[in-house]
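Hello,

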Amino acid sequence: KISVATYERLHAINQRSAWLAAKATAPYLKKNGGGSMVFIGSVMQRFGCARHSVYITTKAALSGLTRALAIELAPARIRVNCVLPGFILTDPPNNFRLRIPQSLWTDFHHQFGEHLRKRFGKFQPLPECGQPDDIAQAVCFLCSPAAKFITGSEIGVDGGLAAQQPSASAKTQCNLAWTSSMKKWRGSKLRRSVLAPRRRHS
């Protein structure tokens, strides 16, 4: 169950922030004679997934924003594209990691990553999770002269997940894989450590 407050917060983070960033940077790019904007969407906006309707909605909105701005800003030589990450194994924010022992995080990160690889490898063409560098490389490419004739496009960095046009069965497996991974997280020592009250230092 998603509250209206949560719905609005997710839209503010994933959708409105992208529009505000584009609005703020467009004048500078125009003054500079052109440039490139790259939004970060999600492979999930290409197909449905149970219990993720709000998240998918916010990311799908970036598809329309990308195409509309690509046309609107083309006369100013500003290219607009969107990268759609698949399942990327990322580190948590620093303020999150400071609350847990490094050894505990390292152990969980290894086990969690291996768990994801085994689950997703059953239905994803490239049987592994992506790394943050995979997304960074795609963004760098779209911002480079090598992509000077690319605008209004979406580039999936998802191990081929969306390319296979997942069937209902594959979508179910995808959802089950993620649900299984979240159960592993909820039962982990890492989560209990994170949720434990912070000790006050005298």
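P85 stands opposite V157 in β3, and β2 and β3 run parallel, joined by four bridges. Strands (E, at least two residues) and helices (H or I, at least four) are DSSP runs numbered from the N terminus; two strands pair if DSSP finds at least two bridges between them.

This is a predicted model: local features need pLDDT of at least 70, side-chain atom pairs pLDDT 80 or more, while totals for chains, interfaces and linings use all residues. Residues are numbered from 1 along each chain as its sequence is written, and side-chain values use heavy atoms, without hydrogens or water.

The open sheet has three strands in the order β1-β2-β3, with parallel pairing. β1 and β3 (154-157) are the edge strands, each pairing on one side only. From one strand to the next the twist averages 25°. Six bridges join β1 to β2, and V38 has N81 in β2 as its bridge partner.

Helix α1 (residues 4-31) lies across β1 and β2, at about 170° to β1. Helix α5 (residues 132-143) touches β1, β2 and β3, its direction making about 165° with that of β2. Contact means heavy atoms within 4.5 Å; axes are lines fitted to C-alpha atoms, for helices over the stretch in contact, and angles run from 0 to 180 degrees between N-to-C directions.

Regards
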